[in-house]
Amino acid sequence: MKILMLTTVYPRPDSPKNTSATRVIQHFTESWQQMGHEVVVIHTVNKLFPLIYFLPESVKRLIKSRTTYEVSDYSIVCEKAYKINGIPVFRKPLFKWIPRGLTSARTIRRCARSIADDLQKVGFVPDVILGHWASPSAQLLSELKSYFPAPNALVFHSIHYVRMYPQVLKACIRRIDRIGCRSEALARAVKERLELAEMPFVCYSGIPDAAAAQEFTRCFDGCVSRFLYVGELIVRKNADTILEALSCFMDRAWTLDIVGSGNERDALEKKAAALGIAGRVRFHGRIPREDVFHLMHEADVFTMVSRDEAFGLVYLEAMIEGCITVGSVREGIDGIIHHGQNGFLCAAGNPDELAQIYRSIFDMTKDERAAMSRLAYQTARELSNSAVAGQYLRDVLGDAAV
(Lines give C-alpha, C1' and ligand atoms only; values in the text may rest on other atoms or scores of the structure.)
Protein backbone atom coordinates (compact mmCIF):
# COMPACT_ATOMS: atom_id res chain seq x y z
CA MET A 1 0.00 0.00 0.00
CA LYS A 2 1.18 3.53 -0.77
CA ILE A 3 0.59 5.93 2.12
CA LEU A 4 0.94 9.71 1.83
CA MET A 5 1.33 11.48 5.17
CA LEU A 6 0.76 15.24 5.58
CA THR A 7 2.14 16.64 8.82
CA THR A 8 3.34 19.90 10.33
CA VAL A 9 5.67 18.05 12.70
CA TYR A 10 8.44 15.74 11.54
CA PRO A 11 12.16 15.46 12.31
CA ARG A 12 14.21 18.33 10.90
CA PRO A 13 17.77 17.06 10.47
CA ASP A 14 18.98 20.50 9.38
CA SER A 15 17.56 22.30 12.43
CA PRO A 16 19.14 22.65 15.89
CA LYS A 17 15.62 22.31 17.32
CA ASN A 18 15.24 18.83 15.79
CA THR A 19 15.46 17.03 19.14
CA SER A 20 12.50 18.94 20.59
CA ALA A 21 10.02 17.82 17.91
CA THR A 22 7.62 15.04 18.84
CA ARG A 23 8.33 11.78 16.98
CA VAL A 24 4.76 10.48 16.98
CA ILE A 25 4.28 10.79 13.20
CA GLN A 26 7.69 9.29 12.52
CA HIS A 27 6.73 6.30 14.67
CA PHE A 28 3.66 5.74 12.51
CA THR A 29 5.49 6.10 9.18
CA GLU A 30 8.38 3.85 10.16
CA SER A 31 6.03 1.21 11.58
CA TRP A 32 4.14 1.15 8.26
CA GLN A 33 7.41 0.94 6.39
CA GLN A 34 8.38 -2.10 8.49
CA MET A 35 5.02 -3.67 7.64
CA GLY A 36 5.95 -3.44 3.95
CA HIS A 37 4.03 -0.30 2.97
CA GLU A 38 5.54 2.48 0.87
CA VAL A 39 5.37 5.84 2.64
CA VAL A 40 5.98 9.42 1.52
CA VAL A 41 5.85 12.37 3.93
CA ILE A 42 4.83 15.95 3.10
CA HIS A 43 6.22 18.10 5.91
CA THR A 44 4.54 21.51 5.88
CA VAL A 45 6.21 24.34 7.77
CA ASN A 46 4.84 27.78 8.54
CA LYS A 47 6.39 30.71 6.72
CA LEU A 48 5.88 33.92 8.67
CA PHE A 49 7.15 37.48 8.26
CA PRO A 50 10.98 37.25 8.36
CA LEU A 51 11.29 39.61 11.33
CA ILE A 52 9.69 37.00 13.62
CA TYR A 53 12.50 34.51 12.99
CA PHE A 54 15.12 36.96 14.19
CA LEU A 55 13.57 37.71 17.56
CA PRO A 56 15.88 36.95 20.52
CA GLU A 57 15.83 33.31 21.57
CA SER A 58 14.56 34.35 25.00
CA VAL A 59 11.49 35.92 23.36
CA LYS A 60 10.92 32.81 21.22
CA ARG A 61 11.07 30.62 24.34
CA LEU A 62 8.59 32.92 26.06
CA ILE A 63 6.21 32.69 23.07
CA LYS A 64 6.37 28.90 23.21
CA SER A 65 5.94 28.85 26.98
CA ARG A 66 2.85 31.07 26.88
CA THR A 67 1.18 30.00 23.62
CA THR A 68 2.68 26.53 22.79
CA TYR A 69 3.68 27.92 19.35
CA GLU A 70 7.30 27.25 18.46
CA VAL A 71 8.97 29.67 16.05
CA SER A 72 10.98 27.46 13.70
CA ASP A 73 14.45 28.25 12.41
CA TYR A 74 14.47 30.50 9.36
CA SER A 75 16.92 28.12 7.67
CA ILE A 76 14.27 25.38 7.33
CA VAL A 77 11.61 27.64 5.78
CA CYS A 78 12.38 26.45 2.28
CA GLU A 79 11.43 23.65 -0.08
CA LYS A 80 13.60 20.61 0.36
CA ALA A 81 13.52 16.91 -0.50
CA TYR A 82 15.44 14.32 1.53
CA LYS A 83 15.08 10.93 3.17
CA ILE A 84 14.89 9.93 6.82
CA ASN A 85 15.50 6.23 7.47
CA GLY A 86 14.61 5.47 3.88
CA ILE A 87 11.33 7.44 3.86
CA PRO A 88 11.13 10.30 1.30
CA VAL A 89 10.23 13.67 2.82
CA PHE A 90 9.15 16.74 0.84
CA ARG A 91 9.24 19.93 2.89
CA LYS A 92 6.73 22.60 1.88
CA PRO A 93 6.74 26.12 3.40
CA LEU A 94 3.31 27.80 3.49
CA PHE A 95 2.91 31.46 4.27
CA LYS A 96 0.64 32.53 7.15
CA TRP A 97 -0.19 36.07 8.13
CA ILE A 98 -0.29 35.15 11.81
CA PRO A 99 0.91 32.13 13.80
CA ARG A 100 -1.87 29.60 14.44
CA GLY A 101 -3.98 31.26 11.75
CA LEU A 102 -5.16 29.77 8.46
CA THR A 103 -3.24 29.56 5.21
CA SER A 104 -4.89 31.35 2.28
CA ALA A 105 -6.84 29.30 -0.27
CA ARG A 106 -4.50 30.48 -3.02
CA THR A 107 -1.42 29.23 -1.14
CA ILE A 108 -3.14 25.90 -0.48
CA ARG A 109 -3.91 25.45 -4.18
CA ARG A 110 -0.31 26.15 -5.11
CA CYS A 111 0.98 23.73 -2.49
CA ALA A 112 -1.38 20.96 -3.60
CA ARG A 113 -0.23 21.42 -7.20
CA SER A 114 3.39 21.28 -6.07
CA ILE A 115 2.75 18.08 -4.08
CA ALA A 116 1.05 16.44 -7.08
CA ASP A 117 3.99 17.40 -9.31
CA ASP A 118 6.55 16.01 -6.86
CA LEU A 119 4.68 12.73 -6.50
CA GLN A 120 4.36 12.39 -10.26
CA LYS A 121 8.13 12.81 -10.64
CA VAL A 122 8.80 9.90 -8.28
CA GLY A 123 5.97 7.76 -9.62
CA PHE A 124 4.01 7.73 -6.37
CA VAL A 125 0.21 7.46 -6.56
CA PRO A 126 -1.19 7.22 -3.00
CA ASP A 127 -3.69 4.56 -1.98
CA VAL A 128 -4.53 6.57 1.14
CA ILE A 129 -3.75 10.14 2.27
CA LEU A 130 -3.49 10.97 5.97
CA GLY A 131 -3.18 14.40 7.54
CA HIS A 132 -2.21 15.47 11.07
CA TRP A 133 -2.90 18.84 12.72
CA ALA A 134 -5.85 20.79 11.39
CA SER A 135 -3.91 23.55 9.67
CA PRO A 136 -2.95 23.28 6.92
CA SER A 137 -3.74 19.56 6.61
CA ALA A 138 -7.55 19.95 6.48
CA GLN A 139 -7.31 22.42 3.58
CA LEU A 140 -4.66 20.35 1.79
CA LEU A 141 -6.60 17.08 2.12
CA SER A 142 -9.65 18.76 0.63
CA GLU A 143 -7.65 20.26 -2.25
CA LEU A 144 -5.68 17.07 -2.96
CA LYS A 145 -8.95 15.20 -3.46
CA SER A 146 -9.04 16.84 -6.89
CA TYR A 147 -5.74 15.16 -7.79
CA PHE A 148 -6.05 11.82 -6.00
CA PRO A 149 -9.42 10.09 -5.36
CA ALA A 150 -7.84 7.88 -2.67
CA PRO A 151 -9.49 7.58 0.76
CA ASN A 152 -8.25 10.23 3.16
CA ALA A 153 -8.37 11.07 6.86
CA LEU A 154 -7.62 14.02 9.13
CA VAL A 155 -6.43 13.65 12.73
CA PHE A 156 -6.95 16.56 15.12
CA HIS A 157 -4.34 17.21 17.82
CA SER A 158 -6.12 20.09 19.54
CA ILE A 159 -9.40 21.98 19.61
CA HIS A 160 -7.86 25.36 18.65
CA TYR A 161 -8.77 25.49 14.94
CA VAL A 162 -12.17 23.94 15.62
CA ARG A 163 -12.94 26.82 17.96
CA MET A 164 -11.50 29.53 15.74
CA TYR A 165 -12.50 28.40 12.24
CA PRO A 166 -15.42 25.94 12.47
CA GLN A 167 -17.03 26.94 9.17
CA VAL A 168 -13.79 26.54 7.20
CA LEU A 169 -13.24 23.10 8.73
CA LYS A 170 -16.83 22.04 8.07
CA ALA A 171 -16.33 22.92 4.41
CA CYS A 172 -13.05 20.99 4.26
CA ILE A 173 -14.34 17.80 5.88
CA ARG A 174 -17.01 17.44 3.20
CA ARG A 175 -14.11 16.11 1.11
CA ILE A 176 -12.45 14.15 3.92
CA ASP A 177 -13.55 10.56 4.42
CA ARG A 178 -12.57 9.90 8.03
CA ILE A 179 -11.96 12.13 11.05
CA GLY A 180 -9.74 11.10 13.93
CA CYS A 181 -8.56 12.67 17.17
CA ARG A 182 -5.66 12.03 19.49
CA SER A 183 -7.82 11.34 22.54
CA GLU A 184 -11.34 10.39 23.57
CA ALA A 185 -11.91 13.77 25.19
CA LEU A 186 -10.87 15.61 22.03
CA ALA A 187 -13.02 13.30 19.88
CA ARG A 188 -16.12 14.21 21.89
CA ALA A 189 -15.37 17.93 21.63
CA VAL A 190 -14.67 17.82 17.87
CA LYS A 191 -17.82 15.81 17.18
CA GLU A 192 -19.95 18.32 19.05
CA ARG A 193 -18.42 21.50 17.63
CA LEU A 194 -18.27 20.32 14.02
CA GLU A 195 -21.63 18.55 14.26
CA LEU A 196 -20.22 15.28 12.93
CA ALA A 197 -22.55 12.39 12.19
CA GLU A 198 -20.29 9.88 13.93
CA MET A 199 -17.66 9.88 16.64
CA PRO A 200 -14.09 10.38 15.34
CA PHE A 201 -11.79 7.42 15.76
CA VAL A 202 -9.04 7.78 18.37
CA CYS A 203 -5.47 7.78 17.07
CA TYR A 204 -3.29 6.75 19.99
CA SER A 205 0.49 6.92 20.26
CA GLY A 206 2.53 3.82 20.93
CA ILE A 207 5.71 2.80 22.68
CA PRO A 208 8.58 0.94 20.98
CA ASP A 209 7.82 -2.73 20.39
CA ALA A 210 10.92 -3.70 22.36
CA ALA A 211 9.68 -1.76 25.40
CA ALA A 212 6.23 -3.35 25.12
CA ALA A 213 7.85 -6.80 25.13
CA GLN A 214 9.77 -6.31 28.38
CA GLU A 215 8.75 -8.28 31.44
CA PHE A 216 7.02 -6.75 34.46
CA THR A 217 9.59 -6.41 37.27
CA ARG A 218 8.16 -3.67 39.49
CA CYS A 219 8.18 -4.28 43.24
CA PHE A 220 6.68 -2.03 45.95
CA ASP A 221 8.22 -3.37 49.15
CA GLY A 222 9.02 -0.05 50.82
CA CYS A 223 7.28 3.29 51.24
CA VAL A 224 6.45 5.56 48.33
CA SER A 225 9.26 8.09 48.21
CA ARG A 226 10.40 8.84 44.66
CA PHE A 227 8.31 11.16 42.50
CA LEU A 228 9.05 12.09 38.89
CA TYR A 229 8.06 14.64 36.25
CA VAL A 230 9.32 14.48 32.65
CA GLY A 231 8.36 17.15 30.14
CA GLU A 232 8.93 20.68 28.96
CA LEU A 233 9.08 23.33 31.65
CA ILE A 234 6.40 25.58 30.20
CA VAL A 235 3.28 27.06 31.77
CA ARG A 236 0.66 24.65 30.43
CA LYS A 237 2.53 21.62 31.82
CA ASN A 238 1.75 22.76 35.41
CA ALA A 239 4.92 21.37 36.97
CA ASP A 240 4.44 23.92 39.78
CA THR A 241 1.29 22.03 40.80
CA ILE A 242 3.44 19.03 41.73
CA LEU A 243 5.65 21.20 43.95
CA GLU A 244 2.64 22.65 45.76
CA ALA A 245 1.01 19.26 46.26
CA LEU A 246 4.15 17.57 47.61
CA SER A 247 4.85 20.47 49.98
CA CYS A 248 1.81 19.30 51.94
CA PHE A 249 3.76 16.18 53.01
CA MET A 250 6.77 17.56 54.83
CA ASP A 251 6.48 14.75 57.38
CA ARG A 252 7.22 12.11 54.73
CA ALA A 253 10.56 11.24 53.16
CA TRP A 254 10.07 11.98 49.47
CA THR A 255 12.16 13.37 46.63
CA LEU A 256 11.10 14.79 43.26
CA ASP A 257 13.09 14.51 40.02
CA ILE A 258 12.19 17.07 37.34
CA VAL A 259 13.47 16.25 33.85
CA GLY A 260 13.21 18.72 30.99
CA SER A 261 14.06 22.26 29.97
CA GLY A 262 12.03 25.36 29.33
CA ASN A 263 11.33 28.97 30.14
CA GLU A 264 9.73 28.16 33.51
CA ARG A 265 12.75 26.51 35.13
CA ASP A 266 13.85 29.59 37.08
CA ALA A 267 10.32 30.17 38.38
CA LEU A 268 10.05 26.53 39.45
CA GLU A 269 13.37 26.64 41.29
CA LYS A 270 12.28 29.81 43.12
CA LYS A 271 8.93 28.22 43.98
CA ALA A 272 10.63 25.13 45.41
CA ALA A 273 12.79 27.39 47.57
CA ALA A 274 9.80 29.44 48.72
CA LEU A 275 7.93 26.26 49.69
CA GLY A 276 10.93 25.04 51.68
CA ILE A 277 11.43 21.92 49.56
CA ALA A 278 14.42 22.92 47.39
CA GLY A 279 16.57 20.25 49.05
CA ARG A 280 14.16 17.53 47.95
CA VAL A 281 13.83 18.59 44.31
CA ARG A 282 16.42 17.74 41.66
CA PHE A 283 16.35 19.55 38.30
CA HIS A 284 18.07 17.43 35.66
CA GLY A 285 17.48 19.52 32.55
CA ARG A 286 17.33 17.66 29.24
CA ILE A 287 18.98 14.23 29.51
CA PRO A 288 19.38 11.21 27.18
CA ARG A 289 16.35 8.94 26.77
CA GLU A 290 18.08 5.98 28.40
CA ASP A 291 18.67 8.10 31.51
CA VAL A 292 14.98 9.09 31.51
CA PHE A 293 13.92 5.44 31.42
CA HIS A 294 16.32 4.68 34.28
CA LEU A 295 14.66 7.39 36.39
CA MET A 296 11.23 6.00 35.48
CA HIS A 297 12.31 2.53 36.53
CA GLU A 298 13.48 3.89 39.89
CA ALA A 299 10.48 6.20 40.48
CA ASP A 300 7.37 5.22 42.42
CA VAL A 301 5.02 7.90 41.06
CA PHE A 302 5.02 9.76 37.75
CA THR A 303 2.93 12.94 37.47
CA MET A 304 2.04 15.31 34.66
CA VAL A 305 -1.18 17.27 35.17
CA SER A 306 -0.91 19.46 32.08
CA ARG A 307 -3.64 21.17 30.07
CA ASP A 308 -4.17 21.07 26.30
CA GLU A 309 -2.35 17.75 26.12
CA ALA A 310 -3.12 15.95 22.86
CA PHE A 311 -1.99 12.61 24.23
CA GLY A 312 1.29 12.48 26.12
CA LEU A 313 3.48 9.53 25.13
CA VAL A 314 5.49 10.03 28.31
CA TYR A 315 2.55 8.61 30.31
CA LEU A 316 2.82 5.29 28.47
CA GLU A 317 6.58 5.28 28.96
CA ALA A 318 6.09 5.67 32.71
CA MET A 319 3.32 3.06 32.79
CA ILE A 320 5.38 0.41 30.99
CA GLU A 321 8.01 0.92 33.70
CA GLY A 322 5.36 0.26 36.34
CA CYS A 323 5.09 3.78 37.77
CA ILE A 324 1.89 4.75 39.52
CA THR A 325 0.91 7.40 37.00
CA VAL A 326 -1.12 10.57 37.53
CA GLY A 327 -2.50 12.39 34.48
CA SER A 328 -5.09 15.06 33.75
CA VAL A 329 -8.81 14.41 33.60
CA ARG A 330 -10.50 15.38 30.30
CA GLU A 331 -7.10 15.59 28.59
CA GLY A 332 -5.34 13.24 26.18
CA ILE A 333 -4.54 10.42 28.60
CA ASP A 334 -8.12 10.27 29.96
CA GLY A 335 -9.52 7.04 28.53
CA ILE A 336 -6.16 5.26 28.74
CA ILE A 337 -5.81 5.88 32.48
CA HIS A 338 -8.91 4.87 34.41
CA HIS A 339 -9.00 6.66 37.76
CA GLY A 340 -8.26 4.39 40.70
CA GLN A 341 -7.59 1.35 38.49
CA ASN A 342 -4.42 1.68 36.44
CA GLY A 343 -3.53 5.18 37.66
CA PHE A 344 -5.13 8.44 38.73
CA LEU A 345 -6.67 11.44 36.99
CA CYS A 346 -6.56 14.96 38.40
CA ALA A 347 -7.97 18.29 37.27
CA ALA A 348 -5.17 20.01 35.33
CA GLY A 349 -3.22 22.39 37.54
CA ASN A 350 -5.20 21.71 40.74
CA PRO A 351 -2.71 21.31 43.65
CA ASP A 352 -5.36 20.53 46.28
CA GLU A 353 -6.81 17.68 44.25
CA LEU A 354 -3.34 16.39 43.44
CA ALA A 355 -2.43 16.43 47.14
CA GLN A 356 -5.50 14.29 47.86
CA ILE A 357 -4.37 11.81 45.21
CA TYR A 358 -0.87 11.69 46.70
CA ARG A 359 -2.41 11.03 50.13
CA SER A 360 -4.32 8.11 48.63
CA ILE A 361 -1.11 6.75 47.12
CA PHE A 362 0.77 7.09 50.42
CA ASP A 363 -2.08 5.25 52.18
CA MET A 364 -2.26 2.34 49.72
CA THR A 365 -0.93 -1.03 50.82
CA LYS A 366 2.01 -2.47 48.92
CA ASP A 367 -0.33 -5.04 47.34
CA GLU A 368 -2.67 -2.28 46.14
CA ARG A 369 0.26 -0.36 44.65
CA ALA A 370 1.57 -3.51 42.97
CA ALA A 371 -1.86 -4.29 41.47
CA MET A 372 -2.23 -0.76 40.08
CA SER A 373 1.33 -0.85 38.74
CA ARG A 374 0.72 -4.14 36.94
CA LEU A 375 -2.49 -2.83 35.36
CA ALA A 376 -0.61 0.26 34.17
CA TYR A 377 2.05 -1.97 32.63
CA GLN A 378 -0.55 -4.15 30.92
CA THR A 379 -2.32 -1.10 29.50
CA ALA A 380 0.88 0.33 28.02
CA ARG A 381 1.97 -3.05 26.69
CA GLU A 382 -1.11 -3.21 24.45
CA LEU A 383 -0.16 0.11 22.84
CA SER A 384 3.03 -0.78 20.97
CA ASN A 385 4.06 1.18 17.88
CA SER A 386 3.17 -1.68 15.55
CA ALA A 387 -0.19 -2.26 17.25
CA VAL A 388 -1.36 1.36 17.08
CA ALA A 389 -0.04 1.82 13.53
CA GLY A 390 -2.02 -1.22 12.36
CA GLN A 391 -5.14 -0.06 14.18
CA TYR A 392 -4.79 3.40 12.60
CA LEU A 393 -5.02 1.94 9.10
CA ARG A 394 -7.97 -0.24 10.07
CA ASP A 395 -9.80 2.77 11.50
CA VAL A 396 -9.33 4.64 8.22
CA LEU A 397 -9.71 1.84 5.66
CA GLY A 398 -11.69 -0.85 7.47
CA ASP A 399 -11.46 -4.23 5.73
CA ALA A 400 -9.35 -2.68 2.96
CA ALA A 401 -6.40 -2.25 5.35
CA VAL A 402 -3.66 -4.80 4.72
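**Strand β13**

I started with strand β13, residues 324–328, and found it mostly covered, with five of its five residues buried (buried means under 20% relative accessible area with a 1.4 Å probe, protein chains only). Strands here are DSSP E runs of at least two residues, and helices are H or I runs of at least four, numbered from the N terminus. I was working with a predicted model, in which local features need pLDDT of at least 70, side-chain atom pairs count only at pLDDT 80 or more, and totals for chains, interfaces and linings use all residues. Residues are numbered from 1 along each chain as its sequence is written, and side-chain values use heavy atoms, leaving out hydrogens and water.

Next I checked which residues of β13 sit on each side: I324, V326 and S328 are on one face, T325 and G327 are on the other, and all are buried.

**Neighbours of β13**

I looked up the pairing partners (two strands pair if DSSP finds at least two bridges between them). Strand β12, residues 301–303, pairs with β13 in the parallel sense over three bridges, and V301 stands opposite I324. Strand β14, residues 344–346, also pairs with β13 in the parallel sense over three bridges; there I found G327 opposite L345.

I then followed the chain from β12 through helix α13 (residues 313–320) to β13 and noted a right-handed β-α-β unit. Right-handed means that, with the strands pointing away from the viewer, the path from the first strand over the helix to the second runs clockwise.

**The whole sheet**

Which order do the six strands take? I read β11-β10-β9-β12-β13-β14, an open sheet with parallel pairing. β11 (281–285) and β14 stand at the edges with a single partner strand each, so one side of each has no neighbour in the sheet. Neighbouring strands are turned by 20° against each other on average, direction ignored.

At the β11 end, I saw that strand β10 (residues 255–259) pairs with β11 in the parallel sense over four bridges, with V259 opposite G285.

**Helices α10 and α11**

I finished with helix α10 (residues 239–246) and helix α11 (residues 265–274), which pack at about 10° with axes 10 Å apart. Axes are lines fitted to C-alpha atoms, for helices over the stretch in contact, and angles run from 0 to 180 degrees between N-to-C directions. The two helices are therefore roughly parallel (angles under 35 degrees). A239, D240, L243 and E244 of α10 meet L268, K271 and A272 of α11 (contact means heavy atoms within 4.5 Å).

Methods. Buried < 20%, exposed > 50% of the residue type's maximum accessible area, 1.4 Å probe, protein only. Parallel < 35°, antiparallel > 145°, perpendicular 65-115°, else oblique.
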